[in-house]
Amino acid sequence: MITRRLLCVLLFLLWTAPAWADSASFELPGEASLEKLRSGGWIVDSDPVAGSWASASVVIFIPAPLERIWNTIINCKDAFVFVDGLEYCEVLEEKGDFARTRQIVDKGWAVPELEFTFETRRDPYRRMEFNMTEGNLKVMKGSWDFRQLDDGALVRYILILQPLLPAPHWLVRRNMKKDLPDMLRCIRGLVVEDPASEALIKDRQQCPGEMPGS
């Protein structure tokens with residue numbers, strides 16, 4: 001029989017374990033979903049982690065080399081293009097599979113300015129896990145997952161968020177369901193090299209920042 005003390009320890013470990021531990025596997029979608037992704041669509045789940053305050057998961061297909069996608073995501077210069085309201089970005093430390101980054105995001109008068117530092121653990125071209133270590137949010141963590149295909153790569157982004165100040169759950173989740181697919185579409189617009197593509201033009205229109213060379 002599990003003692004009460006041991007049960008409390010187990011519950012503590014479950015509560016403090018990384019939220020993305022339940023979502024570490026990145027399985028290949030079914031044929032119908034894969035066809036939707038290859039045609040330029042995306043799959044969004046607004047509550048992938050049970051018990052989270054507000055979370056979303058987005059999967060998108062990007063017909064580009066995985067290395068180019070990876071390098072775009074970790075690059076502060078490109079982040080100013082695909083992160084809405086990004087005012088400041090600096091990689092404070094980068095060593096092996098570890099990085100520490102500081103960002104400031106200001107989306108205007110309706111939303112408080114966000115300033116935070118997060119750590120990223122990297123498994124190159126497969127997975128990144130990030131977790132806020134200081135800032136004016138209560139929780140900000142998640143992961144990037146990558147799966148190589150013959151004609152490109154599947155990318156999954158999971159974000160788990162809890163602000164310090166009270167805010168309606170439904171409003172935060174609704175904004176995440178819109179903002180995160182737009183961000184991934186912008187990343188696709190940055191890395192795909194087909195300027196004549198109508199789909200690419202639409203993806204680039206989702207970018208909140210100025211495109212390079214424009």
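How many salt bridges does the count come to? I took a salt bridge to be a side-chain nitrogen of Lys or Arg within 4 Å of a carboxyl oxygen of Asp or Glu, and by this rule the count comes to 14.

I am looking at a predicted model, where local features need pLDDT of at least 70, side-chain atom pairs count only at pLDDT 80 or more, and totals for chains, interfaces and linings use all residues. Residues are numbered from 1 along each chain as its sequence is written, and side-chain values use heavy atoms, with hydrogens and water left out.

Next I looked up Arg68 and Glu193, whose side chains meet in a salt bridge of 3.9 Å, N to O. This pair links distant parts of the chain, 125 residues apart: Arg68 sits in helix 3, Glu193 in the loop between helix 5 and helix 6. (Helices are DSSP runs of H or I with at least four residues, strands are E runs of at least two, and both are numbered from the N terminus.)

Then I checked Asp203 and Arg185, which form a salt bridge with the closest N and O atoms 2.9 Å apart. Asp203 is in helix 6 and Arg185 in helix 5. I found Asp203 buried at 5% relative accessibility, and Arg185 buried at 12%. (Buried means under 20% relative accessible area, exposed over 50%, partly exposed in between, with a 1.4 Å probe and protein chains only.)

Last, I followed a network of salt bridges that links Arg127, Glu129, Asp145 and Arg156. Arg127 lies in strand 6 and is buried, at 11%.
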